[in-house]
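I opened my notebook for a friendly walk through this structure. Here is what I looked up, step by step.

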Amino acid sequence: MAEDVAVVGWAQTVHSHEMARRTDLGLAYSVVNAALDSCGLSIGDIEVVIDAGSDFLDGRGISNCVAADALGAHLKEESKVAGDGLLAAIYAYMRLRTGMFSTALVVAYGKSSQSGPSAQSRSMAEPFYTRPLGLDALAAAALQARSYTRHYGVDGSAPARVAVKNRAAGVENPHAQLRTAVSLGEVLGSREVAPPIRELEAGPVSDGACALVMTEGSVARALRARPAWLVGVGMCTDPYFLGSRDLQRCTPAAKAARSAYRQAGVFDPGRDLDLVELSEPYAYQELMLCEALGLCDEGEGADLLASGTTTRDGGLPVNVSGGVTCANPLVATGLVRLAEAAAQVTGRAGPLQVRDAKRALAHSSGGLAMQTAACAVVER
Amino acid sequence: MLEVAGGSEEPVEVVEGDLDIEYRYAYGEYYDRFYREMRDNRRIMGVACARCRCVLLPPRPYCGFCYEPVDRWVELADEGTVQTFTNVQLPFPGQPTEPPYIYAFIMLDGAAVQFPHLLGEVDPARARVGMRVKAVWAENRKGTLHDIKYFRPVENEG
């Protein structure tokens, strides 16, 4: 058994809407090389490769068969998670903890531009009870947004204020797709694409990739650069049918976080964490997630936002990268959150650096209306 | 079958469905050049890894064997040796032509990996591993693998 596991290297693409000149595997290859370079390891040092991809985005069945070469998995142990890349990182963490491997590469990539924004979410509708009425990610999120905001009497402008905060933060993020600030008036005046969700409260559709190098403790300590120790992880999933779920709160995120907190020794997340990176494809989700993660009480996400605590200069910055509001490379999104968190706690976050960040939480969501959640806590 | 009070005996068994997703797959720079060379110049171009010296097909920006970046282009012969083949008998969606037809791997002269294509102008009973074959190029080329119609045996084979 390996006692401790660290994230030692990471890289992500500059996320953008349509990379016609680049293949999905070309994106993956570029981030793997950059992640290896960032920690001074080479592909020969890597013992196991865990990747995350979507057969529907890639337009290939069991798409990792094709990807193995590009991921550096030639004649190595490799397997794939059909879900967000943060799940792949947790899978790699568990493999390293077994002591069977000392180094792992985690890669997530997706090119949404090849099939259009809703193909992936439409494919998730099962044929008997969901597909007859049609349901995409946006409509599912809107149902949750109304349920949540109505139950707690959340001010209708609160999600718009999340978007304003995150878009302002994204200006500083060299990897973000959207790097312009927006005003509250612009967000409130943008089209209601699925009420209560407005167009500027939805993240963009991005192509992109992210890779992480993870190792067990002794390898991490021998490297030149300071590692980010992965000290707590958790995953949880809700029922598939939206009608069977409590849409007023994000229980999977709450349970995933509780598991990660217990392992990491986080007792009061508001005080024990220095920053949080969330996966919020729609702005209202940041409010729900702040509550689920225990950063504030239930129904008080909007108050937390209004207090300024979650801004870059606040007591607990949330999404200083601009979050998913500014770039949403499907499948890679949650792994990007972990890369951002690792960069922060090791003092390598460049223009996004939060002063004296020691411990951070990365969150990913998957499925319709945040059906699944994963959380990881990293510290210096 | 569970009973439905007052219902007919007619079961509701299956719902017809399809998943219609249109893709626009990005060729990327390497496939772009590979297929332009085939379309415009009737040339099969591979890439050579500087470390292991393998000449690779399809061209891609990395060597699958040693993970080095690869950017040196090499022209390959449109002629080579059959390494293995099968005579496809059964139909399935997406076939290039109606069966039967011969699907083969061909080691093009100068390459390190086998190139997939069809064999034509050959009696299936006389196809064999080790046979020398040459590409028959299509007149109307569009930048796909079908810019080569098939490989035929060279003169003294057959």
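**Entry 1: where the chains meet.** I began with the contact between the two chains, keeping in mind that this is a predicted model. I found 22 residues of chain A in contact with 15 residues of chain B. Next I asked which elements give two or more residues to the side of chain A that touches chain B. They are helix 1 (24-39) and helix 5 (119-123) of chain A. I also sorted the residues on that side of chain A by class and got 9 nonpolar, 8 polar and 5 charged.

**Entry 2: chain A as a whole.** I looked up the secondary structure of chain A, which comes to 15 helices and 11 strands. Its radius of gyration is 19 Å, close to the 21 Å that the globule rule gives for 380 residues, so chain A is as compact as a globular protein of that length. Along its principal axes, the C-alpha trace of chain A spans about 55 × 45 × 35 Å. I noted that 59% of the 380 residues of chain A count as buried. Then I checked the contacts in chain A with a separation of 6 or more: 78% of them come from residues 24 or more positions apart.

**Entry 3: a pair of helices.** At what angle do the axes of helix 7 and helix 12 of chain A cross? I read roughly 95 degrees, and the axes come within 7 Å. That angle falls in the 65 to 115 range, so helix 7 and helix 12 of chain A are roughly perpendicular to each other. Ala158(A), Pro159(A) and Val162(A) in helix 7 meet Tyr284(A), Glu286(A) and Leu287(A) in helix 12. By class, this contact has 5 nonpolar, no polar and 1 charged residues.

Notes: Residues are numbered from 1 along each chain as its sequence is written. Chains are lettered from A and ligands numbered from 1 in the order in which they are written. This is a predicted model: local features need pLDDT of at least 70, side-chain atom pairs count only at pLDDT 80 or more; totals for chains, interfaces and linings use all residues. Two residues are in contact if their C-beta atoms, placed from the backbone, lie within 7 Å. Helices (H or I, at least four residues) and strands (E, at least two) are DSSP runs, numbered from the N terminus. Ala, Val, Leu, Ile, Met, Phe, Trp, Tyr, Cys and Pro count as nonpolar, Asp, Glu, Lys and Arg as charged, and the others, Gly among them, as polar. The radius of gyration is taken over C-alpha atoms; the globule rule is 2.2 Å times the number of residues to the power 0.38. A residue is buried if 20 or more other C-beta atoms lie within 10 Å of its own, exposed if 12 or fewer, and partly exposed in between; C-beta atoms are placed from the backbone. Axes are lines fitted to C-alpha atoms, for helices over the stretch in contact, and angles run from 0 to 180 degrees between N-to-C directions. Angles under 35 degrees count as roughly parallel, over 145 as roughly antiparallel, 65 to 115 as roughly perpendicular and the rest as oblique.
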